[in-house]
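Hi there,

Here is the structure I promised to pass on to you. Have a look at it first, and my notes follow below.

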Amino acid sequence: MTETRATTSQNTDARRDILSSIRQSLAASMPFDTEWRTHHGHSNGSLAEQDLAPSTISRSRLVEDFQKSLEMVGGHCTIVSDENKAAEEIRNVISTLAVSRIAISDSELVKRLVDRNSKIEVVENAPAKYLFDCDLGITSAQLAIAETGTLVLESDRESHRLTSLVPPVHLCVIKADNIRQTLGEILEIVSRDLSRTVTFITGASRTSDIELTLAIGVHGPGELHVIVIAD
């Protein structure tokens, strides 16, 4: 009987500690939830109606929403007018990070934008062993979600997975035409010709698996840069 009471007391203490930790985490996230609601607003329609309704938002508004959403989750977003400016911004990021080894996907857009010179080693479709020694991975993205700042990469259209996941910093280039407002719109598009793998990337890699403590860069890049080409 005494042992049973001790076990019950331990379970009660553990439950109280878990609930207390959850309350603290919810309280800490409240300012971000308020910011999200302020930014995105609400609709009287159902969630399904909001997701499946075709977007009537202007391209400039979609780009602005995407930038705000991405920066809210710790990403870096730069909007440029054309590919020449995009190439210039890539050079700026490379210079700022002082990288010496770069892995790039097989995206034709990326290959056009990345300068190749003797000072920096650039490898396309690098094997996994090489990628762990790279400072930066550069890919494009087929789509993006404005309301969450999420990049959508389709494997059948670009060999990108390890390049976007292994190096400590990921730089992605996307054209403004490929940004949509909601996840529902994106799912409708990708389902028409579904790739073997569709990767959704929202900010830098992060996890709270252990004791609800946020850790950055555990399961992927710890830093994300996105360049949006508005033209």
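The accessible surface of the chain comes to about 13,300 Å², and carbon and sulfur atoms hold 52% of that area (areas are from the Shrake-Rupley method with a 1.4 Å probe; for residues, only the protein chains shown count as cover). Please keep in mind that this is a predicted model, where local features need pLDDT of at least 70 and side-chain atom pairs count only at pLDDT 80 or more, while totals for chains, interfaces and linings use all residues. Residues are numbered from 1 along each chain as its sequence is written, and side-chain values use heavy atoms, with hydrogens and water left out.

Of the 231 residues, 36% count as buried (under 20% relative accessible area, 1.4 Å probe, protein chains only). The chain has eight helices and twelve strands (DSSP runs, numbered from the N terminus: H or I of at least four residues for helices, E of at least two for strands).

Four of the strands form an open sheet with mixed pairing, in the order β8-β5-β6-β9 (strands pair if DSSP finds at least two bridges between them). Its edges are β8 (179–180) and β9 (198–202). Strand β6 (residues 150–154) pairs with β9 in the antiparallel sense over five bridges, and V152 has F200 as its bridge partner in β9.

H170 counts as buried because its relative accessibility is 1%. Its side chain makes a polar contact of 2.9 Å with that of T139 (a pair of N or O atoms within 3.5 Å; within protein, one must be able to donate a hydrogen and the other to accept it, and residues adjacent in sequence count only if both atoms are side-chain atoms).

Enjoy exploring!

Methods: Buried means under 20% relative accessible area, exposed over 50%, partly exposed in between (1.4 Å probe, protein chains only).
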